[in-house]
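Please open the model in your viewer and keep the sequence panel at hand. The stops below are arranged so that each selection can be made in turn.

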Amino acid sequence: MASLLSRFCRKLALPGSAHGSRMTSSTACGSETVKSLNLYSAINQALHIALETDPRSYVFGEDVGFGGVFRCTTGLAERFGKNRVFNTPLCEQGIVGFGIGLAAMGNRAVVEIQFADYIYPAFDQIVNEAAKFRYRSGNQFNCGGLTIRAPYGAVGHGGHYHSQSPEAFFCHVPGIKVVIPRSPREAKGLLLSSIRDPNPVVFFEPKWLYRQAVEEVPEHDYMIPLSQAEIIREGSDITLVGWGAQLTVMEQACLDAEKEGISCELIDLKTLLPWDKETVEASVKKTGRLLISHEAPITGGFGAEISATILERCFLKLEAPVSRVCGLDTPFPLVFEPFYMPTKNKILDAIKSTVNY
Amino acid sequence: MAQHLKSSKSTFLNVLRHSLAFGSPSHASPHLRHNLPHGGPPSIKKVSPNPLTRLCNTMVDTLSSSHEDTNSQVMDFPGGKVSFTPEIRFISESNEERVPCYRVLDDNGQQLPNSQFVPVSKEIAVKMYSDMVTLQMMDNIFYEAQRQGRLSFYATAYGEEAINIASAAALSPDDVIFPQYREPGVLLWRGFTLQEFANQCFGNKSDYGKGRQMPVHYGSNKLNYFTVSATIATQLPNAVGAAYSLKMDGKDACAVTFFGDGGSSEGDFHAAMNFAAVMEAPVLFICRNNGWAISTPTSDQFRSDGVVVKGRAYGIRSIRVDGNDALAMYSAVHEAREMAIREHRPILIEALTYRVGHHSTSDDSTRYRSADEIEWWNKARNPLSRFRTWVESNGWWSDEAESDLRSRIKKEMLEAIRVAEKTEKPNLNHMFSDVYDVPPLNLREQELLVRQAIKSHPQDYPSDVPL
């Protein structure tokens, strides 16, 4: 992990905050109390607020009782009691299935899957139960109070089973929302929105950033709207679209490109399903070029969906083919992780070849 | 590798013999006892390269350190104290006798002497019997409608009328049901009308599911009956979560979930049972063990003594019931419900029955089981005739009541089908509503595209769906 991090971000500059660009989350006023927080602490604060503001909310999952393996649930059981914050047996389909039933009775069930790599046993519950609960009942029942949190993505030493980015599987499922934050401030606001959204949400947390990313986070209760992308860096030559931890890498590429006279616009999609096509479309119509980058394997990745949509909508405005800089079509490798990753320089090369097409 | 296994097996067996003898003075040979002055037999004190043997040596050492009082030795493992035994004795894979099946009525509907059961009033008993008849007649008529091509699909509950109706009768309307798809009788008991059943089966605009699911996928918010999904056993963990909510809210109610013998093989069964026990959730797991999962007999499904024995491994109180005995089902569910709510615990009920009908209208079960077998169950263990005998023996039912009921239900059913069939289909906009609480942009765009396609090619689309 250390080596990978040093490669990318010895000093981790978070996109959207380091350059004073506008934060959509900002309910800022002069008296707003902010605190420097890392990402897991911001998640923890959101969970505190969620439990505090709704007595019908519950937080549970494997090892959640003692604070969770990533410390996101620290202090919750002590504060809100073991009836509302608790360990579950080690069984993902049970965790999600239980959460669906709890949510269907009018509660908010915030469940933790310890790693996104282990979410697959719950796939049936998510796809066939959670996603269809409202539709199949004609809106007689819903499990909209369900939020599934899962740490995803590379950490430098995670190998096959602690590194995956499975978001694309879930983006193929009508009825759920898929949300991925890029920073502590975003994580808090988006998680509170996800928990309070009347639809089931799969919320992937970039575990690479849990400790590494530190940002000023307002202490109060605030929400960031779902399905609204944000332009976190304005530019005129090419549009870059990403989400989660990858934005940090993309931001570095944008900075390097700028030194070579290329002006990049960087968009944080935030919500992948249902996604904000309009913001991306408007940007590409302005820049004429699009690059998408994600850690997940390129084939069938969500980048393909964005690419196809933008081709449909912006065909005559495009100056170059849409470029994708993504993970490779191998299982996530351990020793070879530095080769697998969509690194800054891979992105920079793609920016240059797209602009010079 | 195979050879290694063989040699270690023989060493292991030697150790077995020695330690068995060591731990069981009554069965030990004098020769072996003679060889045991302070510790284990010298022959197995040698350090073996085989890890299994080494483990056994260690066990023997530990045991021998106080062999006077071996059985009272306990160790505080995580999870509680566990006593030691000097015997290498595996828990048997089965009980010597199969778990007995609780029943009140014999095959002919006569009350068994000394049978325990919860008293049933005349009113309840008559409604139970009437609803069992109604369920069977509803199945007959919908089944025929499907054969005539008027319904796309149907699945009957033939043979399982007692499980359906008697369990519903023993519950409170506040108990929430997570059904599979062969329990429409619970809805019937709670007041779902034949018209409401027909609306769902025909997928018309009065169907609460808005025409989105195949026939028999009923659901009713008003009647606390969660909408059926065709996936097997996924409803079980959902029921546990709902039960936990009822407990947290201090409600005098439990969650009840139904599934089949096949469903007990799914991972969700395991997940739900384990969660329910750990979370101390008031939930009833009612397994309809009808012998067949489509064409798969229980002998190809599991090697356990059915499903009832699985409860114990999870720490769940369990009972096996004659599912074709309405009085037994009623009593067992009634008692289970009381325990679940009062003691905050799950209960497993295995109801033994027989699927007299085909799996569904897409199945011909005579291809994998004999017509004689089906007929035997239909006659010899018929849940309706058995219960009718008992109700009649109380003087609560007569041939005249029977024929009145049957002619009334037949008339109502035919009318329900007639109305449901001519009621228009749900509007096209219901294809896009309820995916989310409000349709997002992509669905609004797709609705427009579909409407344009209909304008261009109206002949491609059914004309009975209002636009």
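## Stop 1: the two domains of chain A

Begin with chain A, where 24 residues of domain 1 are in contact with 22 residues of domain 2. The model is predicted. On the side of domain 1 of chain A that touches domain 2 of chain A, the elements that give two or more residues are α7 (167-170), β6 (177-179) and β7 (201-206) of chain A. Coloured by class, that side of domain 1 shows 14 nonpolar, seven polar and three charged residues.

Next, select residues 37-212 of chain A, which UniProt, in an unreviewed entry, annotates as "domain: Transketolase-like pyrimidine-binding".

## Stop 2: a cis peptide bond

Move to A:L273 and A:P274 and display the backbone. The peptide bond from A:L273 to A:P274 is cis, and its omega is near -10 degrees. A:P274 is found in the loop between β12 (271-273) and α11 (277-287) of chain A.

## Stop 3: where chain A meets chain B

Show both chains and select the contacts between them: 35 residues of chain A are in contact with 35 residues of chain B. On the chain A side, α4 (92-104), α5 (123-130) and α6 (133-136) of chain A are the elements that give two or more residues. Among these, α4(A) gives the most, with nine residues. By class, the side of chain A that touches chain B has 12 nonpolar, 18 polar and five charged residues.

## Stop 4: the nonpolar core

Which residues have the most contacts inside the largest nonpolar core? Select A:I351, B:A166, B:V240, B:V283, B:L284, B:M329 and B:I349; the core to which they belong has 215 residues. Its largest share, 10 residues, comes from helix α11 (residues 326-343) of chain B. In soluble globular proteins, nonpolar side chains tend to be buried together.

Centre the view on B:M329. Leaving aside residues up to four places away in sequence, B:M329 touches B:A162, B:I163, B:A166, B:S167, B:V321, B:G323 and B:A351.

## Stop 5: helix α14 of chain B

Select residues 399-422 of chain B, the 24 residues of helix α14. From first C-alpha to last, α14(B) reaches 35 Å, close to the 34 Å expected at 1.5 Å a residue. Within α14(B), the residues B:I409, B:M413, B:A416, B:I417 and B:A420 are buried. An α-helix has 3.6 residues a turn, so residues three or four places apart point the same way. The buried residues of α14(B) pack against α4 (122-147) and α7 (194-202) of chain B.

## Stop 6: two loop residues with positive phi

Finish with two loops of chain B. B:K210 lies in the loop between α7 and α8 (235-248) of chain B, and its phi is near 55 degrees, a positive value in a residue other than glycine. Is B:K210 buried or exposed? B:K210 counts as buried because it has 24 C-beta neighbours inside 10 Å.

B:D434 lies in the loop between α14 and α15 (441-456) of chain B. Phi of B:D434, a residue other than glycine, is also positive, near 70 degrees. B:D434 is buried, with 23 other C-beta atoms within 10 Å.

Technical notes. Residues numbered from 1 in each chain as written. Chains lettered and ligands numbered in written order. Predicted model: local features only at pLDDT ≥ 70, side-chain atom pairs only at ≥ 80, totals over all residues. Helix = DSSP H or I, 4+ residues; strand = E, 2+ residues; numbered from the N terminus. Expected span 1.5 Å × (residues − 1). Buried ≥ 20, exposed ≤ 12 C-beta atoms within 10 Å, placed from the backbone. Contact = placed C-beta atoms within 7 Å. Nonpolar A, V, L, I, M, F, W, Y, C, P; charged D, E, K, R; others polar. Core = buried A, V, L, I, M, F, W, Y, C linked by C-beta atoms within 7 Å. UniProt positions renumbered as here; feature names shortened; annotations may be inferred.
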